[in-house]
Amino acid sequence: MPTVYHMVHYRRFDPGSAGLQGGTLESLCRTALGHVDTSGVALWERAQDRFFDLSDAAERQVVLNKVADLSSAVFGEMCLFQKQDFQALLEMQTSKVQLSNITKAEIFNLAERAAPNNSKFIRGLCYWLVIGNHLFFVKTQSMTADILNVYMDWLLKIRTSALDVNASFALQAEFDRTQVTGDIGDITRLKVSGKSASPIMVMAGDEPPPKSVATSRTVTDRAFYTETARKVAEIIFGRERTDALVDSLGPSEYLAVEAAVKVRGRRTAESREKLRKLAEDLADLTDDKVQIEGKDGKLSDEDAILRTRMPFNQPHAGSSILEFDNVADQLQEVYSRFVRDGKIEA
C-alpha cells in the first residue's frame with residue numbers, strides 16, 4: 001500500500017484554564033458527541049449537525065466527518081470545503097490561438113468545473129486524536145491548526161454545552177522547556193542569531209565511526225552592519241565594487257550583510273552527540289536567540305514545540321486522503337512514543 005509522510009503536531013489542553021476541576025479534553029469530546037437532540041439521537045449519529053461555518057470571505061465550512069470512540073481515545077476526521085467552489089481543469093485538447101500580434105501558439109484550453117451534484121471539493125483535511133488532555137493531529141492542504149482550535153471551541157461550547165460558553169478554551173502549542181522532560185530526538189538544525197552571536201566551529205574527529213549520514217545544518221546566522229559588513233562585502237565583490245556600492249548609498253542608507261555558517265557533509269554518531277551537547281550549552285548560556293530543531297520537535301529560547309514526522313497509508317498513490325484506521329494507529333503510536341521517551345506524561 002502506498003504511503004506518504006506527514007508532520008504530526010502536538011497540543012495540550014489545560015483544564016484549569018477552562019475552569020474545570022479534574023476533567024479532560026477526551027471526556028469533553030465524548031460528552032459533546034454524546035449530546036442528544038429532542039428526538040434522542042446523539043451527535044455521533046447526526047452528521048448534518050457537525051457542520052460549522054467559518055464565516056469568512058471564502059464562505060468556507062468544516063465538517064467533523066468520521067469520528068470514533070476508540071475506548072482509550074477519541075479520533076476524528078475533519079474536512080474543509082467552500083460553499084461555492086470551482087476546480088480549474090487543463091483540457092487535454094489543443095487549439096491554435098493568436099496570443100499577440102507576433103505570437104500564434106498551440107495551447108491546451110483551461111476550464112473550470114463545479115463539483116458534481118451533492119458533493120464538494122475538499123480543500124483540506126485534519127485527522128486528530130485526543131487522549132486525556134493530549135491532542136495529536138495531521139493536517140493537509142489548506143487546513144490549519146487555527147481551524148481545528150476554532151472548531152473544537154464551537155463543538156464544545158456552542159454546538160453542545162460540554163463546556164461553559166464563557167470558559168476559556170485554548171490548545172497550548174509551546175511549552176516551557178521544564179514541562180518537556182525528554183529531548184527532541186536527533187538534532188537536524190541548529191540556528192543562533194543576534195547581534196552578539198559568536199562564530200561557532202564544529203571540528204570533525206580524526207577517526208570518524210564507519211556509520212554516517214548526509215547532513216546540513218546552520219551553525220550560526222549573523223547580521224553585520226557598516227564596517228563589518230563592508231569587510232564581508234569585499235570578500236564577495238572585491239574592494240573596487242564594494243567602494244562603488246558604498247559611494248552609492250544615500251544619507252539614510254547603510255550597508256548590511258547577512259551571513260550563515262553551515263556544516264555540510266556526512267554526520268557521524270560522534271559528531272551528532274557533540275552537536276547535541278553544543279546545542280544544550282548554547283541554549284543555557286547565550287543571550288542570543290537559539291533555535292534547535294530535532295526529529296521530534298523544536299526548542300526556541302525557553303520554549304519547546306513537540307512534533308514528529310510519520311508515514312501514513314493512502315488508498316492509492318497520489319491520494320490526498322489518508323486511511324482512517326491507519327492514521328488512528330499511527331497517532332496512538334506517537335502518543336506511546338512520547339510517553340515512553342518522557343516528553344509527555346500519560
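Two strands count as paired if DSSP finds at least two bridges between them, where strands (E, at least two residues) are DSSP runs numbered from the N terminus. The structure is a predicted model, in which local features need pLDDT of at least 70, side-chain atom pairs count only at pLDDT 80 or more, and totals for chains, interfaces and linings use all residues. Residues are numbered from 1 along each chain as its sequence is written, and side-chain values use heavy atoms, with hydrogens and water left out.

**Exercise 1.** Work out which residue in β7 is the bridge partner of V74.

*Solution.* Begin with the strands: β4 is joined by seven bridges to β7 (residues 124–131), and the two run antiparallel. Within this pairing, V74 has V130 as its bridge partner.

**Exercise 2.** Describe how β3 is placed against β4.

*Solution.* Strand β3 (residues 60–69) runs antiparallel to β4, with eight bridges joining them. Next, follow the chain between the strands: β3 and β4 form a hairpin with four residues between them, and S71 in the turn has a positive phi of about 75°.

**Exercise 3.** Decide which residues of β4 point each way, and whether they are buried or exposed (buried means under 20% relative accessible area, exposed over 50%, partly exposed in between, with a 1.4 Å probe and protein chains only).

*Solution.* V74, G76, M78, L80 and Q82 point one way, while F75, E77, C79 and F81 point the other way, and all are buried.
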